[in-house]
Amino acid sequence: MYYSSFGILALLILLITNYDILKKSNKNTLSSPAILYRQFLFSVMAYYITDILWGFLASFKIKTFAYIDTQIYFAVIVLSVFLWGRYVIAYLEEKNLFTRIPYYTSLTIFILVLVVLVINLFIPIVFYFDEEGNYHTSPARYINLTVQLLLFFIMTVYTIYISTKRDRPVKSRYRTIGLFGLAMTIFIALQAMYPFLPFYAMGFMLGTLLHTFVLEDEKEEHRRLLEELIQKGNLQEKELGAARHMAYTDSLTGIKNKAAYIEDISIIEQKINEGKLDKVGVVVFDLNSLKKINDTKGHDAGDEYIKAACHIICERFKHSPVYRIGGDEFVAILEGEDYENRRQLLEEFSKMVDEEKKHDGIVIASGSSTLHRNKDKSYMRVFERADKQMYKCKKLLKEK
């Protein structure tokens, strides 16, 4: 009973300490070595279960079931050794002849043990139970355990050796994996000497507990890498935002430029085509006398004239995006309050232009139009009407 109680404790500890990796149902979320380690853990769980059952069956001398369980016990032990070696080789990422030797050796031993266990059904070369149900060991058991011990020892030495060629934190992980193998080497030797004590289970328990440091260290590294990626992503997003702002901003006036206008009207066109937009208002502006100012006062004065005109337009249509689409051409796409109050705004704007003209101020020709849902199939139809009105306004302002 004592023998089984230790196995139960070891199984519970394994489930608790390795819950995260055992619960992964989607293999795509695990790396290749992690998948192999997960398979190894399942083999250890299978070993614990057979070991627990063996304790109960041997204690109550249930000979037939104890014999079957012992057969499975030896098969699971060798399977776990094979899976451990496969995991270590994958984790070390060393592809050479030396790493192939333990792999194929452990695979060969696994197959041979299965054959030996079949032979044991007829000739007790591994173990047997006497008439009273007492367990007895045979020479093949010691050969089996000795080979397992040598495999663990060789993998331990090789892992420690590889760790000397690695930088931190990988070096500490490799050494921890090496300590797992060392613990198993020691406890397999003890198990060979004391068959009725659960030393093999102790080795697995100590080894898997040590390995949790590897898992936690990997999680910490992943967390650091994730933080770095997030920081880089935020920086790139800011840089992209700044680049986008520059690409879509008019350098002279600071408002949206023609590139931004083209992108925005493509979105408007799509919404109109899908029937998701009913209210579209456009005002087209053109500055009078800009050429005269450039010719007589210079381009610096002309730039100031453009900026002053832009300020007037933006102040009047403050709730709508305004674009500079040419040297002296602007467009406002009316939204919200500006759309609802467009007539009043346009009248006030026209009166303001008339006053400016009387005092030789800034003269801005404008034309406007709105979407007629029944006949307008695109934004450009609305723009064309507004543009025609603007040219009429420009002509009238010149005649005055």
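A cavity is a set of points, on a 1 Å grid over the protein atoms alone, where a 1.4 Å probe fits but cannot get out, and its volume is the space filled by probe spheres set on the points, which are joined across faces, edges and corners. The model is predicted, so that local features need pLDDT of at least 70 and side-chain atom pairs count only at pLDDT 80 or more, while totals for chains, interfaces and linings use all residues. Residues are numbered from 1 along each chain as its sequence is written, and side-chain values use heavy atoms, with hydrogens and water left out.

Val81, Trp84, Gly85, Pro102, Ser106, Leu151, Phe152 and Met155 line the second largest cavity; lining residues have an atom within 4 Å of a point.

The structure holds three cavities of 30 Å³ or more, and about 110 Å³ of space lies in the largest cavity. The residues that line the largest cavity include Tyr3, Trp54, Tyr73, Arg141 and Tyr200. Helix α4 (63-92) gives the most to this lining, with four residues, and α6 (139-163) supplies at least two. Nine residues of the lining of the largest cavity are nonpolar, two are polar and one is charged.

Of its 13 lining residues, Ser289, Lys292, Asp360, Gly361 and Val363 are the closest to its centre. Two or more lining residues come from each of α10 (290-297) and α14 (379-399), and α10 provides the largest share, four residues. The lining of the second largest pocket comprises four nonpolar, four polar and five charged residues.

Finally, helix α5 (residues 97-120) contains Ile119. Ile119 counts as partly exposed because its relative accessibility is 34%, between the limits for buried (under 20%) and exposed (over 50%), with a 1.4 Å probe and protein chains only.

Key
1 Å grid on protein atoms, 1.4 Å probe; cavity = no way out; pocket = protein on both sides within 12 Å on 5 of 7 lines; lining within 4 Å. Nonpolar A, V, L, I, M, F, W, Y, C, P; charged D, E, K, R; others polar.
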